[in-house]
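This report describes one protein model and the surroundings of its ligands. Please look at the structure below before reading on.

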Amino acid sequence: MLEKDIEKVFYSEAQIQERVKVLGQQISEDYQDKNPLVVGVLKGAVPFLADLVRAINVHLEMDFMDVSSYGSAFVSSGEVRILKDLDTVVEGRHIILVEDIIDSGRTLKYLVELLKHRKAASVKIVTMLDKPEGRVVDMEADYIGFDVPNEFVVGYGLDYIENYRNLPYIGVLKPAVYENAD
Ligand SMILES: O=P(O)(O)OC[C@H]1O[C@H](OP(=O)(O)OP(=O)(O)O)[C@H](O)[C@@H]1O
Ligand code: HPA
């Protein structure tokens, strides 16, 4: 069972679901008649995006991008590459970029600049988690679920070597999990 690997829960399933509802209401108020394009950043944003769009009560479209920036499980390589691009034309669209976490800020900085270059009408960021102590470039989200301390977190989309994304809550792993991976 997955639970046995968890050292500490930061945010429970109930806390996450309650927060997602509030974010959905805020976005609904801000995007009336704007038909936003909600862009999920694969793969981590998938559980959050799936819950968030069902809490938004305005017309919207969805699309996905896949980018890679993490050289190893823990350390951002600093170089962002597009693995899957959008299918939708961005010019003139109001974009809502959906992320599971902002850590160094590099992934989102790259994506925001790319979407502005493609002449988006506006680009806003919604992230489930913000880890301000991880930042190496200037990047602030417009809508934030929760702050997390400078620890490696898993669950609700966030992985450790592709595992634990399906946990419905957010927490940190027991040290033994990392020791066994070596
Ligand atoms: O602010 P940053 O330091 O750039 O880190 C945040 C990014 O890192 C993770 O993605 P990852 O590249 O691990 O891909 P994944 O979503 O498939 O796990 C996460 O989902 C964000 O996209
Ligand atoms: O804390 C984290 N956990 C999982 N993936 C991540 N990608 C950036 N930061 C993290």
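## Around ligand 1

Ligand 1 is surrounded by 18 residues, and the closest are Lys43, Gly44, Asp103, Ser104 and Thr107. Here a residue counts as near a molecule if its C-beta atom, placed from the backbone, lies within 6 Å of it. Two or more residues of this shell come from each of strand E2 (37-42), strand E3 (61-70), strand E5 (94-102) and helix H3 (106-117). Helices (H or I, at least four residues) and strands (E, at least two) are DSSP runs, numbered from the N terminus. E5 gives the largest share, 4 residues.

The shell around ligand 1 holds 5 nonpolar, 7 polar and 6 charged residues. Ala, Val, Leu, Ile, Met, Phe, Trp, Tyr, Cys and Pro count as nonpolar, Asp, Glu, Lys and Arg as charged, and the others, Gly among them, as polar.

## About the model

This is a predicted model, in which local features need pLDDT of at least 70 and side-chain atom pairs count only at pLDDT 80 or more, while totals for chains, interfaces and linings use all residues. Residues are numbered from 1 along each chain as its sequence is written, and chains are lettered from A and ligands numbered from 1 in the order in which they are written.

Of the 9 residues of E5, 8 are buried, so E5 is largely enclosed by the rest of the structure. A residue is buried if 20 or more other C-beta atoms, placed from the backbone, lie within 10 Å of its own.

E5 pairs with E2 in the parallel sense over 4 bridges; strands pair if DSSP finds at least two bridges between them. In this pairing, glycine 40 is opposite valine 98 in E5. E5 also runs parallel to strand E6 (residues 122-130), joined to it by 8 bridges. Isoleucine 102 lies opposite aspartate 130 in E6. From E5 the chain crosses through H3 to E6 in a right-handed β-α-β crossover (clockwise from the first strand over the helix to the second, with the strands pointing away from the viewer).

## Around ligand 2

Which residues are around ligand 2? They are Ile101, Asp103, Phe152, Val153, Val154, Leu158 and Asp159. By class, 5 are nonpolar, none is polar and 2 are charged.

## The whole protein

The protein has 4 helices and 8 strands, in the order β-α-β-α-β-β-β-α-β-β-β-α along the sequence. Its C-alpha trace spans about 50 × 35 × 25 Å along the principal axes. Buried residues are 32% of the 182 residues.

Notes. Buried ≥ 20, exposed ≤ 12 C-beta atoms within 10 Å, placed from the backbone.
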